[in-house]
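I opened this entry to look up side-chain packing and ring contacts, and I note the findings in the order I reached them.

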Amino acid sequence: MGVTEAAQIPKQRGEHLVDVAVRYAEERHWDVFPGTWLEASHGAEHCSCGAADCPAPGAHPTRPDWAGQATGSATAVRRMWSKQPKSSILLPTGRTFDAIDVPESAGFLALARLERMRLPLGPVTCTPDRRMLFLVLPGAAFKVPDLIRNLGWTPSALDLTGRGEGHYVAAPPTRIGGHGAVQWARHPTRANRWLPDAEELISPLAYACGREAAADRARHA
């Protein structure tokens, strides 16, 4: 992957969030919508929703009809972020992509294996709570449990889930709580504009999550 390609979407550092959101809509044709944001108070940062026990501070929808807010129109994106420029950037799943969500350690193990095998890869994000999300073609969330069973695993035994219709992911450079920002482990580029199907990634991902589960059991034995 060349430096020029990797820089196609995320300059991001020092950029306004609205400009990043517009590029996601224009360059990848992804729908985006604004989420909550972080507010500084008494030396700490809190979610704009005001909940002291917010599970995703600064990175969740602001309203129940968020799915209807999501748009791929640059004009609409600029209008929404003009109301609150610090809004997080959220992407609905189940439209142009689904996401396969795994622990970070398993994700990096699978990533190395996928690259060695020269299997197709789409963009991959890393979250501050040590998760990795692999973007794949829509429909993955529905198929993942059966794909895991076909490999001989019980879906509940693996920390591997699909996010599809009705869900969303936080996009870089959205910051979550005081833990840091979502980052790209694999940037969106011209080379990965066409996303892989879940079937192409599930074996390395399930294997890595299985190793993670076995190691966790050994630690607690």
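Over the face of which ring does Arg 113 lie? I found Arg 113 over the face of Tyr 207, at 4.7 Å from the ring centre, where a charge sits over a ring if NZ of Lys or CZ of Arg is within 6 Å of the ring centre and within 35 degrees of the ring normal.

I kept in mind that this is a predicted model, in which local features need pLDDT of at least 70 and side-chain atom pairs count only at pLDDT 80 or more, while totals for chains, interfaces and linings use all residues. Residues are numbered from 1 along each chain as its sequence is written, and side-chain values use heavy atoms, with hydrogens and water left out.

I then turned to aromatic pairs (ring centres of Phe, Tyr and Trp, the last by its six-membered ring, within 6.5 Å; planes under 30 degrees apart are stacked, over 60 edge-to-face, the rest tilted), and the count came to 7. The rings of Tyr 24 and Trp 30 are tilted, because their planes stand at 35°, with centres 5.6 Å apart. Both residues are buried, meaning under 20% relative accessible area with a 1.4 Å probe and protein chains only, whereas exposed is over 50% and partly exposed lies in between. Tyr 24 and Trp 30 form one aromatic cluster with Phe 97 and Trp 184.

I also looked up Trp 66 and Tyr 168, whose ring centres are 5.4 Å apart and whose planes are at 75°, so the pair is edge-to-face. Trp 66 counts as buried at 13% relative accessibility, while Tyr 168, at 23%, is partly exposed.
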